[in-house]
Amino acid sequence: MRGAFNQNVILREYNLFNDEYKAGVMNDPSLSIQIPYLPDELAGLQEIALNLWWSWNARARHLFRTIDPYLWKETVHNPIKLLRQLTQKDYERLLKNEDFLKEYHYVYALFKQYMQISAPPIGETIAYFCAEYGLHRSLPIYSGGLGFLAGDILKEASDMNLPMVGIGFMYPGGYVHQVIGSDGWQKGENETIEKEIAPIEKVIDKDGNQLIIQVPHITPAVYIAVWKVNVGRISLYLLDTDIEQNDPWDRMISYRLYTSDMHQRLRQQIVLGVGGHAVLENLGIDFSILHLNEGHPAFALFERLRFFMENQNLNFQESVQKVKQTSIFTTHTPLMAATDVYQFDMVGSYFLAFAQKLGIDLHDLLSFGIDPANPANGFNMTVLALKLCEYKNGVSKKHQKVASQIWQKILEAENSKIEAITNGVHLSTWLDGDLEKELDRTLGSEWCEFQDDPDIWFKVGDIDELFIWQMHMQNKYDMLNFIKEKCRKKWAGGTIDPMVLLAEGILLDPEVLTIGFARRMTEYKRPDLILYDLHKLEQIVNNSSRPVQIIFAGKAHPADIPGKQIIQKIFNVAKDPKFQGRIAFVEDYGEELAKYMVKGCDIWLNNPKLPLEACGTSGMKASINGVLHCSTLDGWWPEGYNGKNGWAFGTDPSDDAKDANELYDLLENEIVPLYYDQNEKGIPKGWTKMMKEAIKSVAPHFSARRMMKEYKNKFYERIAKG
Ligand SMILES: *Cc1c(COP(=O)(O)O)cnc(C)c1O
């Protein structure tokens, strides 16, 4: 992995298809990658590769795969890397391949058509701020659920043609892969972003150099370089402090997600909020709606205050009103402890000059971050967002209630409320490709346009059960092959204890009922609930005629010792011969493994302690693929569960012993018998019926389309109307 960020080199390497290379000048020994010349006839490939639209268009994905299936796999589905690794001979071969050219022209036309549509349904630009985005593995600037939600929001905003622009961070050293040692202890392995093969473009200033902006209000000065990601029709701008204009400490600001050093974390959030606002101003993007996803970017609200005072001649109070009327805050946690709180002095030191500039008392500025329920606690980013955004929402109906209680005092003082907009998932991103095609046939090829209309989904009932089951079994095979290939690579490394491979799933069997549990490994999610009574579990897992297997995956936060201990506990159970290799812990849960698991498991287990799950979206991804959700009634599940599309269990308040026993009963009495009740063709009829029910009931209500329509109707349009 190449971690050196010599700007000159990157500049030259980055422009992978520039004129210099076109002319075939490739004899610069400083280049570590030889860059072929992309024939003019295929110039569109570069355009498609540099727009993540390809990642949610099945035909575009397929096009890249057909270029070289092996290389496609090797590059972990990164078209830029693929195009750069092809040789000149490969391109010549493609130019002679009629079928390929035909498909290329078709996909390129699709892309052009997609990009051309314009006529914003509302005329006001929405600036969307988030600390992380989960768009694709080739751009690892995410850690988990929050990022994938933000990624799905941008994709859906693009599909719906909402006038949105995104602001986020480039984390050059941001991604931590999980490695489990033979003792079951989690270790981290950092991945540095290879900027030259990431789907990013430099934002260029008038002199042809990468745009570099000074972050307002920070002294000594901190500079940010600006990158752009094309998410369909939406531009996402990424801020990068890892440039030579900054001293080492400043370079580290954007190096990694959510640093635990509180001072650096504060600087990170100032750069995101204040610097992000400055980038938009600098680019001349005149937005009128500010949408903050979580509290991390809330300092953008301060910068917005200044902007209105300076540009619209408002006094401070008027400006506060204006900021409130045009800003939206989405909160994602029901845990007060999960909010960022800084010492007043620390925040004050950065905003003293700012307050003076606005002609207000620093104390008045800082008071926006004071929680009336804990006034001495410090400056709370969530409180800042709650106070300065009139429009607020939680991410499920249940979370809305819980969040409204936690923040009751502020809501009363502000005379405002938290609304509920339940999360959804971007269907084209998370749906199985074969299922998508089948939906084209059964629901009509326009179904995607009406995806949030429950009526069109009734026809899912007509899908042949043989198709459903074969699709599902194929996905299960694919998942297990992926897991076993991971094991093979580890084994080939030469230093692995065979026991580790056993714990990581080499003995898994596609015919066996498979439970998946994959999410962040942390106490409140109770990953080890199903291990509560190992004797009982052994009976369930090792039932000779109706066995059950469980696949666990998920990372613990590096600082979360109890989370790491849970992983170790699971790993040790997985190693235990008593369980015959039917319990596995697969390392390094991320976007790629998630895509296999939410399609390939039979059951998607979720058992958080009530009411700590704000929403959860992996269960939605599973359900739309017919993977049945089995969950405690927390997050989105009270809205999603209809008695026929999965299972619900658990007590309120949560009681581990009772909950575990309910789960065992459910497995023994309902789930296992239903799965193994297979007809002479091997199809479990009752099961496939439930799969279809899950698809048709979850897809319309928990699609990103439904979610974005709610944001549009409840917030964007209300603000636009003034
Ligand atoms: C969807 C997704 C998440 C969030 O799902 P939860 O149900 O909240 O765990 C996290 N990680 C990955 C890789 C995902 O795809």
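Student: Which domains does the domain assignment give for this protein?

Tutor: The model is a predicted one. Its domain assignment has two entries made of two segments each, domain 2 (126-424 + 708-720) and domain 3 (427-443 + 457-702).

Student: How many residues does the contact take from domain 1 and from domain 2?

Tutor: The C-alpha centres of domain 1 and domain 2 lie 34 Å apart. Their contact takes 16 residues from domain 1 and 18 residues from domain 2.

Student: Which residues have the most contacts inside the largest nonpolar core?

Tutor: The largest nonpolar core has 135 residues. Helix α11 (residues 262-282) gives the largest share, eight residues, and at least three residues come from each of domain 1 and domain 2. The residues with the most contacts inside this core are F299 and F302.

Student: Which residues does F302 touch, not counting residues up to four places away in sequence?

Tutor: F302 belongs to the pair with the most contacts inside the largest core. Leaving out residues up to four places away in sequence, F302 touches F351, F354, F368 and F379, and also L365, L384 and L388.

Student: Is α9 roughly parallel or roughly perpendicular to α30?

Tutor: Helix α9 (residues 145-159) and helix α30 (residues 704-721) pack with their axes 9 Å apart, at an angle of about 80°. Angles of 65 to 115 degrees count as roughly perpendicular. Therefore α9 is, relative to α30, roughly perpendicular.

Student: How many nonpolar, polar and charged residues does the contact of α9 with α30 have?

Tutor: On the α9 side the residues include L149, I153 and E156, and they meet residues of α30 including R705, M708 and Y711. By class, the count for this contact is seven nonpolar, no polar and four charged.

Student: Does D588 count as buried or exposed?

Tutor: D588 is found in the loop between β17 (583-586) and α25 (591-600), and has a positive phi of about 65°. Its relative accessibility is 17%. Buried means under 20%, so D588 counts as buried.

Terms used:
Residues numbered from 1 in each chain as written. Predicted model: local features only at pLDDT ≥ 70, side-chain atom pairs only at ≥ 80, totals over all residues. Heavy atoms only, no water. Axes fitted to C-alpha atoms, helices over the stretch in contact; angles between N-to-C directions. Helix = DSSP H or I, 4+ residues; strand = E, 2+ residues; numbered from the N terminus. Parallel < 35°, antiparallel > 145°, perpendicular 65-115°, else oblique. Contact = heavy atoms within 4.5 Å. Nonpolar A, V, L, I, M, F, W, Y, C, P; charged D, E, K, R; others polar. Core = buried A, V, L, I, M, F, W, Y, C linked by side-chain atoms within 4.5 Å. Buried < 20%, exposed > 50% of the residue type's maximum accessible area, 1.4 Å probe, protein only. Domains from an automatic or database assignment.
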